[in-house]
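Q: I would like to go through the charged residues of this protein. Could we look at the model together?
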Amino acid sequence: MEVPGLAHNITSPLSPCEGMIKDLSLVQLCERDGSKSQDGSVTESEELPVPQNIKISNITCDSFKICWDMEPHSKERITHYFIDLNKKENKNSNKFKHKDVPTKLVAKAVPLPMTVRGHWFLSPRTEYTVAVQTASKQTDGDYAISEWSEIIEFCTADYSTVHLNQLLEKAEVIAGRMLPFSVFYRNQNKEYFEHAREEQESRMLPSVKDNSGSHGSPISGKLEGIVFSCNTEFNTGKPPQDSPYGRQRFEVAAEALFSPDSNLYFGDFYCMYTAYHYVILVLAPKGSAGDDFCKQRLPAFDITNNRFLTCKREEEGDGKLLFHHAQDVILEVIYTEPVDLALGKVAEISGHQLSSMSTLNAKKDPSCKTCNISVGR
């Protein structure tokens with residue numbers, strides 16, 4: 001059951017095999033020490049059992065299942081559960097920064113395990129602590145409560161392929177028409193290419209993707225690759241002469257990286273508080289380690305027919321490969337294998353280095369309706 005909003009209490013039938021929070025609201029009925037609230041509506045009761053051996057399972061980016069052990073003879077007296085859910089404190093965080101408001105959840109006493117779901121208080125890839133009380137609603141409307149259970153820690157998961165497909169559908173809406181291109185290019189500073197020549201046998205080597213884009217992206221901090229661009233200027237059909245990443249540019253023929261022996265995957269869709277939107281694609285040779293990684297986690301494309309990046313043979317003539325890219329989004333193409341500098345050329349661009357446009361570790365705008373979905377950002 002998906003809970004639609006903060007101020008709503010939802011009541012719906014439960015399946016016999018699984019309890020789910022069906023009366024869920026954010027409350028401030030209880031403090032961590034179990035003391036009374038200001039209106040006296042919560043009272044402690046030593047007779048109510050304290051949940052023991054709490055277990056968290058079936059963790060997704062915006063839900064989890066929780067269960068615990070209780071004394072069988074006391075179950076009939078329990079009418080509700082209080083769940084205290086908090087983001088785990090980051091010791092390196094700024095002590096002056098506004099702290100996250102603790103989330104207190106109230107659930108009717110349903111069969112366990114119980115599913116807790118809510119995209120407004122659960123974010124992907126985030127560490128949380130959780131503790132539970134049992135409660136009994138009295139005839140006067142007050143609650144008798146147990147002591148708090150032990151505190152359990154867990155971490156939410158990445159976006160699943162279901163969530164990524166929702167992002168993909170949003171990206172397709174604004175991708176625009178397809179334009180031809182002939183080269184992939186990568187801008188860096190002079191030292192980067194000197195290091196590649198002197199220390200890496202004239203090769204650019206894959207590195208772990210940074211944390212730019214959606215917080216729940218399954219490739220951030222995990223997938224290794226080299227980021228290339230392929231967007232062209234509408235009026236020239238060539239790569240732009242400005243770049244956020246450096247004045248030295250490596251250009252390589254598109255067919256050197258992209259061919260019928262390649263697989264193409266959707267990685268992310270995001271923006272950085274600007275009108276520009278970015279789509280991350282992953283390009284991997286079939287059967288490579290990067291390909292195996294993506295097959296398990298990312299939506300795959302037909303390389304000859306999609307809205308972002310295509311490769312197909314010319315129907316007439318000598319059957320050469322033709323390449324096209326989406327016009328209205330900025331593509332970041334992650335190639336998963338080393339690239340020999342001998343495959344292309346390095347030259348200085350004539351334009352400017354626009355550092356303000358860099359997406360390095362850029363945070364996604366969580367308020368953008370174009371590129372967000374209804375799960376944690």
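Q: Is R125 buried, partly exposed or exposed?
A: This is a predicted model. In it, R125 counts as partly exposed, at 21% relative accessibility.

Q: Which residue forms a salt bridge with R125?
A: R125 pairs with D158, and their closest N and O atoms are 2.4 Å apart.

Q: Which residues are joined with D158 into one network?
A: R125, D158 and K222 are joined by salt bridges that share partners.

Q: How many salt bridges does the count come to?
A: The count comes to seven salt bridges. Among them is the one between the side chains of K88 and E153, at 3.0 Å from N to O. K88 is in the loop between β5 (80-87) and β6 (103-108), whereas E153 is in strand β10 (residues 152-155), so this pair links parts 65 residues apart in sequence.

Q: What about K209 and D210, buried or exposed?
A: Both are buried. The side chains of K209 and D210 also meet in a salt bridge, 3.5 Å from N to O.

Q: Changing topic, which residues gather in the patch of negative charge on the surface?
A: The patch brings together E191, E194, E198 and E199. E191 is placed in helix α2 (residues 190-199) and counts as exposed, at 52% relative accessibility.

Methods:
Residues numbered from 1 in each chain as written. Predicted model: local features only at pLDDT ≥ 70, side-chain atom pairs only at ≥ 80, totals over all residues. Heavy atoms only, no water. Patch = residues over 30% accessible without salt bridge, like charges linked within 9 Å, V, L, I, M, F, W, Y side chains within 5 Å. Areas by Shrake-Rupley, 256 points an atom, 1.4 Å probe, with all protein chains shown as cover. Salt bridge = Lys/Arg side-chain N within 4 Å of Asp/Glu carboxyl O. Lys, Arg positive; Asp, Glu negative; His and termini not counted. Charge placed at Lys NZ, Arg CZ, Asp CG, Glu CD. Helix = DSSP H or I, 4+ residues; strand = E, 2+ residues; numbered from the N terminus. Buried < 20%, exposed > 50% of the residue type's maximum accessible area, 1.4 Å probe, protein only.
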